[in-house]
Each structure stands twice: as structure tokens, then as C-alpha cells.
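The sequence and the structure come first.

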Amino acid sequence: MKTSNVGVAIDAVSKRYKSAKQPALDGVTLDIRPGELLALLGPSGSGKTTLLNVLSGLESADDGRMLFGDQDVTDIPAERRSVAVVFQSSMLYPHMSLRKSIAFAPRLNKVPDAEIEQRIADITGWLHIAHLLDRRPHEVSGGERQRAAIAKALVSRPALLLMDEPFSAVDAQLRRQLRSELVKLHREFGTTTVFVTHDQEEAMAISDRVAVMRNGRLVQVDEPLELYRSPVNAWLADFVGVQPINVLPVRRSPSGDTLQTADGELTLKPEGRAFPDVLDLGVRPEHIKIIASGSASPLRVYTREVVSGQMKYTLRTDQGTEIVAIRGSDDVLDIDTPVDVAVDWRHAIAFDSTTGERLDVNLAKGTAGVS
Ligand code: ADP
Ligand code: MG
């Protein structure tokens, strides 16, 4: 298979390792679009590596089918799938120069030397390692080794590029740089790419879409912003977001149009009125406005931190209900200041208090379904 920009269809793929009680993959169905950069995001042990290995052919699936373009690859061995994989630690030959390592596979496949040279010059130019090609892996930095591993993966013009936490062994600052370079590289080469990470920030930063996994299942597949704004459940809402989302168990107050926290101390007034009697209210810290009231509000500033030049406050009632809010740093609030809060209801999310699933309820005014 030599077509680039291939789409991938994963249909009900399951896999259980012999020793394991739970399946590592439990009926995963996912369409990856041609030329897409898809992030596969999930906590450790959620099945990301297994899905990648099943796609590459390193592992076999117990059930289900996989198609690359029109071709069913389920029973096709790894070496005939036109897939390249970049792992956390690079697979470069220790005794070879980077150039030889990178050229190894295309040479084996009888790609003409001039063509290989051209491809290497092109790719390593983009990756800023053209000047390092005569060195061996131990003579370059970790970040440069990963760049060389990406070059090695791309030089064979794979139909599908799979990356398994490729930047997790480099420090945070370099990781950010490598991320934006990967996005540029993807723009240039357009190779269909699946990028595995457990880091939601990384997934949201680089990808066209994010597929979130948990316990061997896909929880949600969406564009990053959609995932952030409309998470399907409270677990996912908390998993995506640099600051944890506030999830407040609330119930309708006797008057009917306000929500009360479980301790009865806080009353919030949604703009919409069509909400159930009991729900978990999800509001991100940036959607809570702090109003320094000086009044007898039960909420007080409990702790504060500086986050990216802004202030993050944890507010607390005497009974222990906590709300986290982000606010500008021009006017820093003292510890113990009593405050009121205003919720930006357009961005508030209602979750079922038992299942955690997002409810189709709109807490803002003027929207469909609200009386
Ligand atoms: P992730 O990459 O998301 O951390 P993995 O795909 O590596 O998750 O693992 C998914 C599940 O399968 C985990 O529960 C893990 O312990 C189990 N697992 C992974 N590889 C093996 C293996 N070779 N043998 C047995 N169990 C495995
Ligand atoms: Mg893994």
C-alpha cells in the first residue's frame, strides 16, 4: 500500500490479553479521516497503546475489522500495512549515523539513493536536524533523537503514522516546541496520524479531533473545543481542562427557580428554568465571576495561586463547599474576603447526579427547550 492520506475505519475491535480479567479494548469503533491528526487521549491503562499496536499489526485483535482506505488489513501482517510507528524512546540503530538509520528502511525497499537523499533533506530540514545527520544517536539530545525517529518514520512515506507518547520523555518546554513542530510537519506532509497521549493539554493543542478512551472504550470523539464545551459526562469534563471543572451537587430550592448546594449555604439562580430537581452543576473556573461583595456572603477566599499571570481562587463556605474561580490579577483579593459569585450560565453544564452523564438541559436563557 503506497497511498498517502488514507482513511482508517476501526470497526468493533476488541482485545483481551490472556492474563487479564478486563478487555484492553472493548468494542472500539472509530473512523479516522484521511489526512487527519487524531489524538488518542486517556489515562494510563485505558487501552491506547493496545489500539495503536492493533492498528500497526504488532498485536492482533480478537474481534472486529480494520480498513485502511478500501483495504481490509485485519489479517495483513505489520510489514505490509504501510504504517510507521514512533515510540516514546526512539528506535534508532545505536551504531549507525542518524542518516543511515533514517535511510535504512527505504534502502531495504529499493528506493533509489537520489530519491532517499531528497526525502531526507526535505524531512530533516523541516525537523531542524539536517546538520546532525552524521552523528550517532548518543551524540544528540533526547529531543533531537525523537526528531530523528519522526524522520525515520516519515521517510518511507507511510499511509498511516502512529505515535505513542513520543514526547513524554522530554522536558515540558521542549515538549511544547516539538508539539508545534509536529503540527507544522503535519501541515506539510499531511500524513494521516494517530498521536497517543495521556496529556489532555497536548491532545487539545495538536489535534484536529480527540478520541478519549477509558477502560478500553471510546468515551467521546470530537474536536478539541467541542470536547471542552460539551463533554459527554462529568469524568470527561474533569479530564479535559487545565484547571479542574467545578462539579457542585445541587437541588432545586422550594421556590422552584433557584439551585441550592447540598449544605444549603449557597443559592444560584440559573437563567433557564427547565432543570431537574437534583443535578450536578458543572462550571469551569473561568466561567465563574467573583464579585467582592464585603457582604455577609457565606463564601470566602480560602486559598489563591498565580496561574499564567491570573489569579486562581478557591472559595469556601463554612460547611466546606468549595468553588474554584479564575480572575484577573489587577485587583488581588485577600484571604478570607467574603465574595459573591456569578455563574456564566451559557457555559454551565448539567450532569445527572447518579450517572454523571451530561443532561440535555439548558441553564441559560433564550435557548431552545427552556421555558
Ligand atoms: P495505555 O497505553 O492507555 O496506558 P495499554 O493499552 O498499555 O494502556 O493497556 C491497556 C490494558 O491492558 C491495561 O490494563 C494493561 O495492564 C493491559 N495490558 C497491556 N499490555 C498487556 C500485556 N502484554 N499483557 C497483559 N495485559 C496487558
Ligand atoms: Mg501506553
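## Basis

Two strands are taken to pair if DSSP finds at least two bridges between them. The model is predicted.

## The four-stranded sheet

Four strands form an open sheet in the order β2-β1-β4-β5, and their pairing is antiparallel. Its edges are β2 (25–32) and β5 (71–72), each of which pairs on one side only. Helix α1 (residues 48–56) packs on this sheet and touches β1, β2 and β4. The direction of α1 makes about 120 degrees with that of β1.

Strands β1 (residues 8–15) and β4 (residues 63–68) run antiparallel and are joined by five bridges. Within this pair, valine 8 has phenylalanine 68 of β4 as its bridge partner, and isoleucine 10 stands opposite methionine 66 of β4. In general, strands of a sheet pair through backbone hydrogen bonds, either parallel or antiparallel.

On to the next pair: two bridges link β4 and β5, again in the antiparallel sense. Leucine 67 stands opposite aspartate 72 in β5. The hairpin of β4 and β5 has two residues between the strands, and glycine 69 in this hairpin takes a positive phi near 60 degrees.

## Helix α3

Helix α3 (residues 113–126) has 14 residues. At 1.5 Å a residue the helix should span 20 Å, and its end C-alpha atoms are 20 Å apart, which agrees. After α3 comes histidine 128, whose phi is positive, near 60 degrees.

Which residues of α3 are buried? They are Ile116, Arg119, Ile120, Ile123 and Thr124. These residues cover an arc of only 115 degrees around the axis, so they lie on the same side of α3. An α-helix has 3.6 residues a turn, so residues three or four places apart point the same way. Among the elements that cover the buried residues of α3 are α2 (98–108), α4 (142–154) and α5 (172–189). The face turned away from the buried side of α3 carries the exposed residues Ala114 and Gln118.

## Valine 86

Valine 86 is a residue of strand β6 (residues 83–86). Its relative accessible area is 1%, and because buried means under 20%, valine 86 counts as buried.

What does valine 86 touch, leaving out residues up to four places away in sequence? The contacts are Gln146, Ala149, Ile150, Ala153, Leu161, Leu162, Met163, Asp164 and Pro166.

## Asparagine 233

Asparagine 233 is placed in the loop between α7 (224–229) and α8 (234–239). This residue is buried, with a relative accessible area of 11%.

The side chain of asparagine 233 makes contacts with backbone nitrogens. A polar atom of this side chain lies 3.3 Å from the backbone nitrogen of tryptophan 235. For the backbone nitrogen of leucine 236, the distance to a polar atom of the asparagine 233 side chain is 2.8 Å. Not counting residues up to four places away in sequence, asparagine 233 touches Val219, Phe351, Gly356, Glu357 and Arg358.

Methods
Residues are numbered from 1 along each chain as its sequence is written. Chains are lettered from A and ligands numbered from 1 in the order in which they are written. This is a predicted model: local features need pLDDT of at least 70, side-chain atom pairs count only at pLDDT 80 or more; totals for chains, interfaces and linings use all residues. Side-chain values use heavy atoms; hydrogens and water are left out. Contact means heavy atoms within 4.5 Å. Axes are lines fitted to C-alpha atoms, for helices over the stretch in contact, and angles run from 0 to 180 degrees between N-to-C directions. The expected span of a helix is 1.5 Å times one less than its number of residues. Buried means under 20% relative accessible area, exposed over 50%, partly exposed in between (1.4 Å probe, protein chains only). The arc is that of the directions from the helix axis to the C-beta atoms. A polar contact is a pair of N or O atoms within 3.5 Å; within protein, one must be able to donate a hydrogen and the other to accept it, and residues adjacent in sequence count only if both atoms are side-chain atoms.
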